Amino acid sequence: MNIFEEYNHKMNRRNFLSGSVLGLGATALGSLLNDNMTFNNDLQLPHFAPKAKRIIYLFQSGAPSQLDLFDYKPKLKEMFGQELPSSIRGEQRVTGMTAHQKSFPLAGSKFNFAQYGKGRIWLSEILPYHQQIADEMCVIKTMHTEAINHDPAVTFLQTGSQQGARPSFGSWISYGLGSENKNLPAFCVLLSRSNNGDQPLYAKLWNNAFLPSEHQGVLFRSGDDPILYLKDPKGIDKFSRRDMLDALAKLHKLEIEQTLDDDLNGKIAQYEMAFRMQTSVPETLDVSKEPDWVFDLYGKDARKPGSYAANCLLARKLIENDVRFVQLYHQGWDQHGNLPSEISKLAKDVDQPSAALILDLKQRGLLEDTLVVWGGEFGRGCYSQGKLTVNNYGRDHHPRCYSIWMAGAGVKKGFTYGETDDFGYNIIQNPVHIHDYQATVMHLMGIDHERFTFKMQGRRYRLTDVAGKVVKSVLA
Amino acid sequence: MFLTEFFGRLHPLLVHLPIGILLFAFAMILWQRFQKVEIEQAISFALLLGSLSAVFACVAGWFLAQTGEYDADLVFQHQWMGILTAVSGFASYFIKRIRDILTTVTICVLMITGHWGGNLTHGENFLFPKKKDPIKVIATSDNISKEADIASNTTVSTSKKPKEILKKSFLFRDEVLPVLEKKCFSCHSETKKKGGLRLDTEEFIRLGGKNGPVFIAGNPENSPLYFYLLLPEEDDNHMPPKGKPQLTSQEINLLHEWIKQGASFQELLESETFLSAKIIEDPLAENKLPLAAKPDISVEPVTLQDMEALILKSKIEPVSPFLVEQFKQQNIILSHFGTNSNFLMVNFVNVREYHSSMIDDLLKLGNQVVRLRMSQQPVNDTDIKKLSALKNITRLNLEKTAITDGALKYLKDLPKLEQLNLYGTNITDNGLLELTKCPQLKIVFLWQTKTTDRGIEELKRALPHLQIELGGFQFAKPDTVKTKNID
């Protein structure tokens, strides 16, 4: 829509009348009845009492192999080297990489599995620290998606559609619930990668798309300047900056009166937020005062800025300050070849910090109302990609089933949901689609995913698009 | 019909008129006789007025009796005595010759009527309360189980015999029934059946009242007998009604436990009754007993949502937008529990300059506040004292505040407090002693406090169902040899 159409749209008779009358009426009604008072936003969110007030999403980019981490399939070991029966594979499309493979030999995991905790959670030996927090974990083994490649799959998970150009999960939450802490953004993103970081990530994954722009994810970089251009340049002090912002706000107001351009409101909000962040961000992200035992808990990597461990520590600090949605991305899980050695490295990167995060939140009482999610965009297949040897194999993408785990507010502790077949190929019981997962997370935050929509180009969009059912069985 | 019910409810009001006026008429007759004054006309007037008001009182009384909430026999007696009062009042007015005698008769009848009326509302033992029977010793041999190894036949286990000791306790008879008697019978027993409900025998409790059964065995949250106790006092359904003696939090918990354990009216095999905190000396006793009484260290999470969910089900008026604005100015965040909920979560995270007067403002919110988060603010003990007026608080976050042990003694005035975060404060074992007085507490965070193992043990013993998070986690170092080989 070009600018004239937009202007006309805003000022057409219907909108003018509804806007003014309803606006006046609503205020009048509000003061008379005091019903449904909402304090943070006009959306009347949350819809019902939330269990989780904050969420940390530990996203493992590249697709971790669930067969080597969470889903124990002894039959694959027994049938080592045998062909994957076509009855199992069915019509599943494969990626271009394996499409030309002549055989699909089954490859059992090289690692030993055992059950841990009172919930008897299956974990492989390369997750020794997860073994110690098994009592807090709620593992979903039957996540599934339609996407076969990384970009559409991650986009699907983060925005609810493979096609993109939609707001990300964090942006929806920021738009719906806002941030309780006025000095920090509602949606923070932290990136890390293992040494062999491979699949790239895109800013669209934490973008606000058509939602107001103050809801985009704020990326914190490692290094001295976590947010670019936040600091005042040399020669400008806080008071000058404040004066400048006040003057700018006045100019913006004049402009809005003329053009009714909503984006300007977003811009003003972001200028103000940036001003507040100038003090709050350095304060919050300062780990120099953390005691030594913290670095023992999270692992020595936590001293290295930009590592996953350091990001977990920052995540905890952000959550302590009531940031609504903290998302970590750790890249490097895409092991098409050389899986056993590569995945051990990745596991080492994330194992201790993820577990430490859970325990650290728990001792501060934050785990009671914070949700932690760990998982990737799809799983990996049971047959070897490339040459299969006793000590080495690769795995291709597998969207039909994969595992994630959740912990914290509102989810069952020490619980496994869903069952896959002996090949780890198909789901036997209790599938959880991406949309179901999104609906469940929103439910935990007090949002009815079907009612939370945004009207855009004549259609009401929502994160779960047109599907999604809350998985009640994982809720405590 | 609403009018008749309303008029019926005027009966307790109206009866005061004939009582006062007829007694005054009698007083005047005595005065006339002994002081020789001439007040015949005044006496006539009083007798007439008194009798007329007695008639109105009777009519109102009849309407009240129609609600059926009172014992039919007692009502019958009281009703006819009341009518007789009115009749003899009129007789005294009209038959002037034997006025004095008739008035005396009227007064006597009036007093009897009044006494029976009092019995109807306050119970027969109101004027002269009966002394309670001494606690019966449960030492009857026929109650003992047929199992061979039972050594003791008393409920208090003090012997150090190595054999298995099973106790029988009559939870309903000894603990629940006295509570019902003290706090409920005045309106829910034989003589008075408010809401058509009687609570004086097992049969009647099971039967329920006008609105159906009052309990579901094993499910206290959906049992009106329990959750009506938790509703805010202003709520019409809150029991006991506002103004009547309320149940203590221990009594409330007793009912919760009793219903949860199956609402048995018979004796139970238990290691200890709920209200007593006796420590069992016999080390073997606990192992052989059913799990009902043991603190649960299961995988199931502590269900904090019970109390909160119950509060959220009830109604409360919304907070005024003026107050909301005031809080916004002070950077105190108020969020609501849902689109249609007027209950609030309060968060001080943005407050830069904390001041104790903010607590005074908070008190204006009253029972809407369910969760309160004041982490890292310089909250002190007097602030907590003021906060104890917010009766609906279920979660209180006081981590890294300036409170000391003194603050904790006000927490027992928060009857619904379930989750308490004290990490990073200067709480010591003395403070934990205060926490033992909060039996409804479900989880407490004590990391980085000045408490010691001893204090924590005491707390565990006093409140075995309490989940205590001590923090200070350390990982066991995994065996890295294996993982190295893979590289």
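Biologist: Which residues touch the most other members of the largest nonpolar core?

Modeller: This is a predicted model, and its largest nonpolar core holds 119 residues. Helix 13 (residues 339-363) of chain A contributes the largest share of this core, 11 residues. The residues that touch the most other members are Ala315(A), Val372(A), Val373(A) and Met406(A).

Biologist: With which residues is Val372(A) in contact, leaving aside its neighbours within four places in sequence?

Modeller: Val372(A) is one of the core residues that touch the most other members. Once its neighbours within four places in sequence are left aside, the residues in contact with Val372(A) are Ile56(A), Leu58(A), Leu357(A), Ile358(A), Met406(A), Ala407(A) and Gly408(A).

Biologist: How many residues does the second, separate core have?

Modeller: In soluble globular proteins, nonpolar side chains tend to be buried together. The second core is separate, and among its members are Met239(B), Val349(B), Ile403(B) and Leu446(B). Its size is 72 residues.

Biologist: What percentage of the residues in each chain is buried?

Modeller: A residue counts as buried if 20 or more other C-beta atoms lie within 10 Å of its own. Chain A has 476 residues, and its secondary structure comes to 14 helices and 17 strands. Chain B has 487 residues, with 18 helices and 9 strands. The buried percentage is 51% in chain A and 34% in chain B.

Biologist: Which strand of chain B gives the most to the side that touches chain A?

Modeller: Across the interface, 36 residues of chain B are in contact with 42 residues of chain A. Helix 12 (321-329), strand 3 (333-336), strand 7 (419-421) and helix 18 (480-486) of chain B each supply at least two residues of that side of chain B. By class, the side has 19 nonpolar, 13 polar and 4 charged residues. The most comes from an element with 4 residues, strand 3 of chain B.

Biologist: In which sense does strand 5 of chain B pair with strand 4 and with strand 6 of chain B?

Modeller: Strand 5 (residues 369-373) of chain B is mostly covered, with 5 of its 5 residues buried. Strand 4 (residues 344-347) of chain B pairs with strand 5 over 4 bridges, and Asn347(B) has Arg373(B) as its bridge partner. Strand 6 (residues 395-397) of chain B pairs with strand 5 over 3 bridges, and Arg371(B) has Arg395(B) as its bridge partner. In both pairings the sense is parallel.

Biologist: Why is Asn331(B) classed as partly exposed?

Modeller: Asn331(B) lies in the loop between helix 12 and strand 3 of chain B, and its phi is near 70°, a positive value in a residue other than glycine. A residue is buried at 20 or more other C-beta atoms within 10 Å and exposed at 12 or fewer. Asn331(B) is partly exposed because its count of other C-beta atoms within 10 Å is 17.

Biologist: Over which residues of chain B is the pLDDT below 50?

Modeller: The mean pLDDT of chain B is 79, and 82% of its residues reach 70 or more. Where pLDDT is low, the predicted coordinates should not be read in detail. One stretch has 40 contacts beyond near neighbours in sequence, and another has 56 contacts beyond four places in sequence. The stretches with pLDDT below 50 include residues 134-166 and residues 270-302.

Biologist: What ipTM does the model score?

Modeller: Two scores are given for the model, and its pTM is 0.66. The ipTM is 0.83.

Note on methods
Residues numbered from 1 in each chain as written. Chains lettered and ligands numbered in written order. Predicted model: local features only at pLDDT ≥ 70, side-chain atom pairs only at ≥ 80, totals over all residues. Contact = placed C-beta atoms within 7 Å. Nonpolar A, V, L, I, M, F, W, Y, C, P; charged D, E, K, R; others polar. Pairing = 2+ DSSP bridges. Core = buried A, V, L, I, M, F, W, Y, C linked by C-beta atoms within 7 Å. pLDDT = per-residue confidence, 0-100.
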